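Here is a short briefing on the structure below. Please keep the sequence at hand while reading.

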Number of protein chains: 2
Amino acid sequence: MYIIDGLQYSNWTRELFTEARDAGVNAIHVTIAYWEDSEETLANIGHWNKRFREFADLIMPISAGTDIKTAKELGRVGIILGFQNCSPLEDDLHMVETLHTLGARIMQLSYNNQSLLATGCYEHKDSGVTRFGREVIREMNRVGMVIDMSHSAEESTLEAIELSERPIAITHANPSFFHPAKRNKSDTVLHELAQSGGMLGLSLYPHHLAGGANCTLDEFSRMVCDTVEHMGIDHVGLGSDLCQNWDYSVLEWMRSGTWTMTPDFGEGDAQNRDWPEQPSWFRSNRDFPTIAVGLKAAGMTETEIEKIMGLNWLRFFEASFSSQNGRTQTMQEVSPTSNDNVPNAIGAGR
Amino acid sequence: MYIIDGLQYSNWTRELFTEARDAGVNAIHVTIAYWEDSEETLANIGHWNKRFREFADLIMPISAGTDIKTAKELGRVGIILGFQNCSPLEDDLHMVETLHTLGARIMQLSYNNQSLLATGCYEHKDSGVTRFGREVIREMNRVGMVIDMSHSAEESTLEAIELSERPIAITHANPSFFHPAKRNKSDTVLHELAQSGGMLGLSLYPHHLAGGANCTLDEFSRMVCDTVEHMGIDHVGLGSDLCQNWDYSVLEWMRSGTWTMTPDFGEGDAQNRDWPEQPSWFRSNRDFPTIAVGLKAAGMTETEIEKIMGLNWLRFFEASFSSQNGRTQTMQEVSPTSNDNVPNAIGAGR
C-alpha cells in the first residue's frame, strides 16, 4: 500500500524521518515557506539539499511523480517541496520556473491573508484571483507546479479551479459539513474541485476536526467516507497537516509573520494559543497505518483504502509535476548511475 | 507664491532641477519606488542622498512639512521622497517606521494591481483594505507617513479614508467627471476625501486629461474650478505626474514590472504604448507659472490660486509628516549649524 501525505511542516530530525519510513510512508509534501521571500526560500532549499545528503538512507527528493515509486522501492520517504504562500515569488513571475527547477512542486496562492495572487481565508473580503495571479496560474500550469488553495478564500479558490488548465489541489483541509472552521471547505468548493479532477487532502490538525483532539478515529473515518460520497473515490487523500517538534514561537510566526503588531491567533485564541494536542490515534507518522484500520472499520474496501492512503495522490502527482509540453526528469534520470547517490534538489526539476 | 507638486517621476539631472528651481517650484513629491523591494528601495534612498550632496545648491530633502518654507527661503527645491507601491515594505510592518526614519513621507497602498495592503485600480475586483493593510494604516498614521490612494481601486480608497485617523491624499489623479479614465476618481471618492480633510493633486498626465495632449489650458483650468466646487478650495492642489527624461523601457517596467509575460499597456494600448505627448502648455517644471495664469483667466482669485498652486499642500504636509505623538525634526534641527551643509535623508526622519 502507498502512503502519501499531502502536507506536513516539522522540525525534521533523523528520528522523525525514521518514524515515517518505518511506518511505510512513501512521500510527504513538506512546507518550506510561509512568509519567506526569494532569498530566504533559496536558503531553505539549500537546507533541504543538506538534509537530502545527510539523511540519504531515509529520504529522497521527488522531482517527477513517478519518483515516489522509486522511493517506495528503495524504502525511503520521498520529499515533495512546497510553499504555503507565494512569498517566494515576491513580485516576479519568472520565479515560478526558477523555483520549479530548484525542486518546488506545490504552491499555495495565498496563506490566510491577501497575497499578490489571491485572497486568504481570514480576510474580510475576497476579490478572487488577481491580475498577477492569472499570470502565475498560467506559468504554474506550464512548468508543472501544483496550485494549492488550502488557506485561500472561497471565491479565490473557485476562480483558481476555473482558471487553471490543470487540476488543482487542496492539500490539507476538511469539508465544512464536518466542521465549519474558516479553513475548511464548502460543498461548492468540494464539488468544483472534484469535477475538475482535483484532489482534497483530509486534515488531522485538531482545529480542522469536529471535536478537536477528542475527534475519534471512527468519526474521522466516517468523515472520509462522507467526503468520498461528495467528491468520488478518486479525489480524496490525506493531508495530515502534522507539525512536529516546534515550540510556540514558530506557530506565532506562522500566524503573525511580520504583518501585525499584535499576535494573530489563527484557529486558536488568546486563551488557547499554543499548538493544539493531536487526537490520541494520530500523533506522528507512526499512526498512518491506524487510519487504514479506521477506514476498514468504517466499511471501505481495500481498493478504496489504497486510493485514500496514497494511490490518488500518486496518480495526481504523476500527472501534475510534468511540464505541459513535456515531462519532468525523474530523479533516476537526473542521476542514473547510482541509487545510493541521491542527487540534491537543485537542478533536479526540468 | 508657493509652488508644490504632488508627484513627479523623472530621470533627474542638474538641468531638470535647475528648471524647477528657476520656475519657483518649492517642493516636489518624487517617486522612488514602483516595484522595488526593501533592499532595492534602500539603494534608491542612497542614490537620492548622493543627489542631495551633488545638487545641494538646487535641492534639499524635506523631513517636516515646514522644511518647505526653508527650501523657499534658500531658493532650493524641496524633495519629498515617496513610493507608488507598498513593495518597499515587503511583508514587514516594521518597515514603515524604518523607511520613515530614512526619509519616506508618502506611500501608495497599491499600484494598479492588488497589493498586500489594498486593491489597485486595474484589478477585476476590489476587496478593500486587507488585514495587513489595516495594520499598515495604523502605523503610517503613527509615524507620519501620508497614505496615497492615487492608483488604488474605489472601495479600497473609501476604506482607507475611513480607516485612517489622519487625512489621506490622492497625489495625482483627476475627477472622473472630467475624464472617465480608470485612474481618475468618482464623485464619491472626491466627496469623502474632502470631508475627511484630505487632498487631491490634479494631474497633467495626458491619459488623465479630457482630450489628452489636446486638452487646453482653459479646459484644465475650468476643471480645477469645477473640482473646487465639489471639494472646497482647501482640498485641491496640483500633482502633475510629470515624467521626464525616460525612454520606453522605463514605462514598460512601470506598467508590467515582472508580474506579466506579455506587456501591459496601462492607460495606453498596443498601438499607443509610448510616453504620451504632453499638452503644449505643460511640458516641464518651467510651465507651472502658466497654470497660475490659466487659473486667473478662469476666474480664480489670487488667494484661491495660491492655495491651489502650493499653500494647500504646504498646510497638509505640515500636519501630516509629524508623528502622532510628537513632531518630526525639521532639516534645520537635524543640521542646525549650516544652511549650506544640507544633510542627507538618512536619519533625518525622527
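Just after helix 3 of chain B, the phi of B:G75 is positive, at about 70°. This is a predicted model.

- Helix 3 of chain B spans residues 67-74. Its buried residues are B:D67, B:I68, B:A71 and B:K72.
- Seen down the axis of helix 3 of chain B, these buried residues fall within an arc of 150°, so they line one face of the helix.
- In chain A, helix 3 also covers residues 67-74, and A:D67, A:I68, A:A71 and A:K72 are its buried residues.
- The buried residues of helix 3 of chain A likewise fall within an arc of 150° when seen down the helix axis, so they line one face.

- Strand 8 of chain A runs over residues 199-202. A:M199 and A:G201 point one way, while A:L200 and A:L202 point the other way. All four of these residues are buried.
- In a regular strand, side chains alternate between the two faces of the sheet.
- Strand 7 of chain A, residues 169-170, pairs with strand 8 of chain A in the parallel sense over 2 bridges. A:A169 has A:M199 in strand 8 of chain A as its bridge partner.
- From strand 7 of chain A, the chain passes through helix 7 (residues 187-195) to strand 8, and this β-α-β crossover is right-handed.
- Strand 9 of chain A, residues 236-238, runs parallel to strand 8 of chain A, with 3 bridges joining them. A:V236 in strand 9 of chain A stands opposite A:L200.
- The chain reaches strand 9 of chain A from strand 8 through helix 8 (residues 217-231), and this β-α-β crossover is right-handed.

**The contact between chains A and B**

- How many residues does each chain bring to the contact? Chain A gives 28 residues and chain B gives 28 residues.
- On the side of chain A that touches chain B, 7 residues are nonpolar, 12 are polar and 9 are charged.
- The same surface serves both copies, as 100% of the contact residues of chain A recur in chain B.

**Two asparagines with positive phi**

- A:N245 is a residue other than glycine, yet its phi is positive, near 70°. A:N245 lies in the loop between strand 9 and helix 9 (248-256) of chain A.
- Is A:N245 buried or exposed? A:N245 is exposed, because 11 other C-beta atoms lie within 10 Å and the cut-off for exposed is 12 or fewer.
- B:N112 is not a glycine either, and its phi is positive at about 65°. The loop that holds B:N112 lies between strand 5 (104-108) and helix 5 (131-143) of chain B.
- B:N112 counts as buried, because it has 28 C-beta neighbours inside 10 Å and the cut-off for buried is 20 or more.

Methods
Residues are numbered from 1 along each chain as its sequence is written. Chains are lettered from A and ligands numbered from 1 in the order in which they are written. This is a predicted model: local features need pLDDT of at least 70, side-chain atom pairs count only at pLDDT 80 or more; totals for chains, interfaces and linings use all residues. Helices (H or I, at least four residues) and strands (E, at least two) are DSSP runs, numbered from the N terminus. Two strands pair if DSSP finds at least two bridges between them. A crossover is right-handed if, with the strands pointing away from the viewer, the path from the first strand over the helix to the second runs clockwise. Two residues are in contact if their C-beta atoms, placed from the backbone, lie within 7 Å. Ala, Val, Leu, Ile, Met, Phe, Trp, Tyr, Cys and Pro count as nonpolar, Asp, Glu, Lys and Arg as charged, and the others, Gly among them, as polar. The arc is that of the directions from the helix axis to the C-beta atoms.
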